[in-house]
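Please look over the fold of this chain.

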Amino acid sequence: SLHNALPIFVTPLRRNELALGKIISLSCIALLSGISSFVGIALSLPKMMRGDMEGVELGFNYSIGDYMAILVTIFATVLVMAAVVSLISALAKDVKNAGTMIAPLMLVVTLAGFIPMFQSGPATDVYVYLIPFYNSVEALVSVFSHEMHWMNVLVAVASNVVYTAVATWGLTRMFN
């Protein structure tokens with residue numbers, strides 16, 4: 001443990017650079033995961049949205065813009081998740097404590113994914129697209145239901161980028 005951390009201690013590196021390196025490395029892995037999720041959605045969406053009702057195909061079509069909205073929403077979501085997880089893990093004393101601290105966040109994110117099941121459609125109020133994690137769910141629901149408004153998706157993405165920046169700033173302050 002200390003032996004493994006020794007190279008970090010002797011490297012001429014400022015603490016905020018160490019924090020940024022942690023977030024950047026985690027974000028790269030998260031973005032790869034986001035690409036994987038996007039590819040899965042892109043490949044399965046046409047099949048999911050077709051139905052076979054007595055031989056009649058429902059034929060929902062999605063545009064390139066819809067797929068771009070899905071991609072940027074996923075990217076913004078994984079970035080904010082990586083930043084928040086980094087921030088929480090920096091507060092933890094050890095790996096077990098980090099897992100315990102991150103569990104409530106995962107529960108909140110999971111519950112946010114279930115809320116649209118109890119609604120009649122995507123949210124129309126723009127303030128909903130400011131709520132972290134839930135904004136991504138609503139943005140994706142709006143795309144999937146063909147009721148997407150670019151302004152709502154852009155608000156969700158922009159707010160997630162701001163939350164990522166704030167969490168990154170917080171992490172660099174903690175390392176200092």
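The report below goes from the overall layout to the cores, the helices and single residues.

## Ground rules

This is a predicted model: local features need pLDDT of at least 70, side-chain atom pairs count only at pLDDT 80 or more, and totals for chains, interfaces and linings use all residues. Residues are numbered from 1 along each chain as its sequence is written, and side-chain values use heavy atoms, with hydrogens and water left out.

## Overall layout

The chain has six helices and two strands. Helices (H or I, at least four residues) and strands (E, at least two) are DSSP runs, numbered from the N terminus. Read from the N terminus, the order is α-α-β-β-α-α-α-α.

The chain holds 176 residues, and 34% of them count as buried. Buried means under 20% relative accessible area, exposed means over 50%, and partly exposed lies in between (1.4 Å probe, protein chains only). Take the contacts (heavy atoms within 4.5 Å) with a separation of 6 or more: 70% of them join residues 24 or more positions apart.

## The surface

The accessible surface is about 10900 Å², and carbon and sulfur atoms own 71% of it. Such areas come from the Shrake-Rupley method with a 1.4 Å probe; for residues, only the protein chains shown count as cover.

I29, L32, I35, V39 and L43 form a nonpolar surface patch of about 490 Å². Like charges are joined within 9 Å, and nonpolar side chains (Val, Leu, Ile, Met, Phe, Trp, Tyr) within 5 Å. L32 sits in helix 2, residues 15-48. Its relative accessible area is 55%, so L32 is exposed.

## Two nonpolar cores

A nonpolar core is a set of buried Ala, Val, Leu, Ile, Met, Phe, Trp, Tyr and Cys residues joined through side-chain atoms within 4.5 Å. The largest one has 26 residues, and F38, I70, Y129 and V153 touch the most other members. Helix 2, helix 3 (64-91), helix 5 (134-144) and helix 6 (150-175) each supply at least two residues of this core. Helix 3 gives the largest share, eight residues.

Which residues does I70 contact, leaving aside its neighbours within four places in sequence? They are F38, I41, L45, L140, V143 and F144. Apart from this core lies another, of eight residues, among them M81, I102, L105 and F133.

## An enclosed helix

Nine of the 11 residues of helix 5 are buried, so this helix is largely enclosed by the rest of the structure. The buried residues include Y134, E138 and L140. Their cover includes helix 3, helix 4 (95-114) and helix 6. Just after helix 5, H146 takes a positive phi of about 60°.

N160 belongs to helix 6. Is N160 buried or exposed? It is buried, with a relative accessible area of 1%. Beyond its neighbours within four places in sequence, N160 contacts A76, T77, V80, P132, F133, N135 and S136.

D66 lies in helix 3. D66 counts as buried, at 10% relative accessibility. Leaving aside neighbours within four places in sequence, D66 contacts V143 and M148.

## One aromatic pair

Rings of Phe, Tyr and Trp (its six-membered ring) pair if their centres lie within 6.5 Å. Planes under 30 degrees apart count as stacked, over 60 as edge-to-face, and the rest as tilted. The count comes to one aromatic pair. The ring centres of Y62 and Y67 are 6.4 Å apart and their planes are at 65°, so the pair is edge-to-face. Both Y62 and Y67 are buried.

Methods: Patches are made of residues with over 30% relative accessible area and no salt bridge: like charges are joined within 9 Å, nonpolar side chains (Val, Leu, Ile, Met, Phe, Trp, Tyr) within 5 Å. A salt bridge is a side-chain nitrogen of Lys or Arg within 4 Å of a carboxyl oxygen of Asp or Glu.
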